[in-house]
Amino acid sequence: MRRLLTLIALVAGSLLPAAGAFGTPATTAASGGTGIGIRLVDAPVATRDNPRARVYIIDHVSPGDTVERHIEISNDTGAPAGVAVYAAAAKIQSGSFVGLEGDTPNDLSTWTTLSTPRLQLADGAKQLVAVTITVPRDAAPGEQYAVLWAQTTSGGKAAITQVSRVGIRVYLSVGPGGEPASAFTIESLTARRDASGVPTVAATVRNTGGRALDLSGTLTLDDGPGGLSAGPFPVTLGTTLGRGQSAPVTVALDRQLPAGPWAATLHVTSGLLTESAQASLTFPAAGRSGPVVPVEQHASLWWWVVLLLIVLLGVLGVLGAIWTMSRRRRRGGRHSLAALAARPAHPAPPPSRISA
C-alpha cells in the first residue's frame, strides 16, 4: 500500500460550502456560516508537490488495484444536519468538469464505497469518512471521472424539497505501467472588449496529453503605449480539459487599460506542468473581438532541462566514440610496429652445402 500524506495545512483552504455545484455559496446556512463542508484529508506522498492532488482524488492504477483516501465532512449550518455521502458520475464537457444529476452512476462510482454513507452532525461537528475505490481486474484502460458528494435535503414534507450538495472531484486513470504523461499547447491569443468596454484576452488551449487538466495561470502585458506594463492578471478559474479537448481560457483585465499594442505573455499551469506563450495584442473597440493571433510557444523549464540533457548526452556520446576510435588506432599502430620489430629486416639466406 502506498504511503499517504495527511493534508493538515489545507484544513481551512479546501473546505467547500454546501451547494448545487462546486464551490457555490450555500443557501441553507441560516446562521451565516459556510454550510456543509467537505475536504480531502490525505493524498499519496508521491504527489505531495502537486496542488491538484491535494484538493482532488487524482491517481493512476492498474486493473485489480485499490485506492484508499479519507475525506472530512463538516457542519457549519447553525443547526444539526443529516448528511448523505455518496459517489456519482461526472464528465468533462465544453471546458468544464460537470457532476451528473442526482446519483447517476458510472463504472467509477460503482467501484467506490464509503465507510459511513449517512451522517448526523451537530452544528460545528466534523467526521472522517473512509473512501475505497476497488478497480476490477477486467477494467478497461482509460480515465474516468466521478464526484464524492455530501448532500443535505430539507423540506421533505413541504411542497418544495431543497437539495444542497458539495463535492470532491475524482480523476482515476486505469491501465498497465506508469501514469500517462500530461501535456498541452497554447495555440492562439485573442484580444476582445465586451459591450461595457472591459478588455479580455482569450487563449485557445489544447490538451495533447493522456490525463485531464485543470487550468490556471497569469497574463502580463509589457511594451504598451508610453512603455507601460500591466499585470499579472489571473486566469479565470474553472477550465478543465479532457484528453484531446480544447477550450478558451480567459483573462479579464482592467477597464482603464489602453488599447495597445501590447506584448502579451501568458503562463498556463495544470498541476506541476506550465506552458507559456507570447503574442502582440491590440484591444478593439467595445463589443468587438480582435483577430486570432498565433503565439510563440515557450516550452516549460522542465522541457528545456530535458532538451539540454539530451544534447549533453549526445555530445558526450560523440566525444566517447572519437576517443574510442583514436585509442584503437593508436593500439593498432603499436601492434604494427611490434610486428615489424619482431620480423627480421631481411630473410636469412638458406645454409649453403659444402661438398667434401
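Val-318 sits in helix α2, which covers residues 301-342. Val-318 also belongs to a nonpolar patch on the surface, formed together with Leu-309, Val-311, Leu-312, Leu-313, Val-315, Leu-316, Leu-319 and Ile-322, and the accessible area of these residues comes to about 850 Å² together. In soluble globular proteins, nonpolar side chains tend to be buried together.

The model is predicted, and its protein contains 2 helices and 23 strands. Of its 356 residues, 40% count as buried, while the accessible surface amounts to about 19,500 Å², with 59% of that area belonging to carbon and sulfur atoms. Among contacts with a separation of 6 or more, 71% are between residues 24 or more positions apart.

The average pLDDT of the protein is 82, and 78% of the residues score at least 70. Over residues 8-28, however, the pLDDT is below 50, although this stretch has 49 contacts in the model beyond near neighbours in sequence. Where pLDDT is low, the predicted coordinates should not be read in detail.

The largest nonpolar core has 31 residues, of which Ile-186, Leu-189, Leu-219, Leu-221, Leu-253, Leu-266 and Phe-283 touch the most other members. Two or more residues of this core come from each of the strands β13 (184-193), β14 (199-207), β16 (216-222), β17 (230-234), β19 (246-252), β20 (262-270) and β21 (273-281). Apart from this core lies another, of 30 residues, which includes Ile-57, Val-129, Leu-148 and Ala-150.

## Strands β13 and β21

Ser-188 has its place in strand β13 and Gln-278 lies in strand β21; the two residues are 90 positions apart in sequence, and their C-alpha atoms are 9.1 Å apart in space. Is each of them buried or exposed? Ser-188 counts as buried because its relative accessibility of 8% is under the 20% limit, whereas Gln-278, with a relative accessible area of 31%, is partly exposed.

Beyond residues up to four places away in sequence, Ser-188 touches Ala-202, Ala-203 and Thr-204, and also Val-292, Val-293, Pro-294 and Val-295.

## Salt bridges

The structure holds 7 salt bridges. One of them joins Glu-143 and Arg-211, whose closest N and O atoms are 2.6 Å apart; Glu-143 lies in strand β11 (residues 142-154) and Arg-211 in the loop between β14 and β15 (213-214), so this pair ties together parts that are 68 residues apart in sequence. Both Glu-143 and Arg-211 are buried, the relative accessible area of Arg-211 being 2%. The side chain of Arg-211 also meets that of Glu-179 in a salt bridge, at 2.6 Å from N to O. Because Glu-179 belongs to the loop between β12 and β13, this second pair ties together parts that are 32 residues apart in sequence; Glu-179 counts as partly exposed, at 48% relative accessibility.

Arg-169 forms a salt bridge with Asp-214, with 2.9 Å between the closest N and O atoms. Arg-169 is placed in strand β12 (residues 162-174) and Asp-214 in strand β15, so the pair ties together parts that are 45 residues apart in sequence. Arg-169 counts as buried at 9% relative accessibility, and Asp-214 is likewise buried, with a relative accessible area of 12%.

## Backbone details

Most residues other than glycine have a negative phi, and most peptide bonds are trans. The peptide bond from Gly-231 to Pro-232 is cis, with omega near 10°, and Pro-232 lies in strand β17. A cis peptide bond also joins Gly-260 and Pro-261, with omega about 10°; Pro-261 is located in the loop between β19 and β20.

Ser-94, although not a glycine, has a positive phi of about 55°; Ser-94 is found in the loop between β6 (81-93) and β7 (96-99) and counts as exposed at 72% relative accessibility. Asp-223, likewise not a glycine, has a positive phi of about 55°, lies in the loop between β16 and β17, and counts as exposed at 61% relative accessibility.

Note on methods:
Residues are numbered from 1 along each chain as its sequence is written. This is a predicted model: local features need pLDDT of at least 70, side-chain atom pairs count only at pLDDT 80 or more; totals for chains, interfaces and linings use all residues. Side-chain values use heavy atoms; hydrogens and water are left out. Helices (H or I, at least four residues) and strands (E, at least two) are DSSP runs, numbered from the N terminus. Buried means under 20% relative accessible area, exposed over 50%, partly exposed in between (1.4 Å probe, protein chains only). Contact means heavy atoms within 4.5 Å. Accessible areas come from the Shrake-Rupley method with a 1.4 Å probe; for residues, only the protein chains shown count as cover. pLDDT is the predictor's confidence in each residue, from 0 to 100. Patches are made of residues with over 30% relative accessible area and no salt bridge: like charges are joined within 9 Å, nonpolar side chains (Val, Leu, Ile, Met, Phe, Trp, Tyr) within 5 Å. A salt bridge is a side-chain nitrogen of Lys or Arg within 4 Å of a carboxyl oxygen of Asp or Glu. A nonpolar core is a set of buried Ala, Val, Leu, Ile, Met, Phe, Trp, Tyr and Cys residues joined through side-chain atoms within 4.5 Å.
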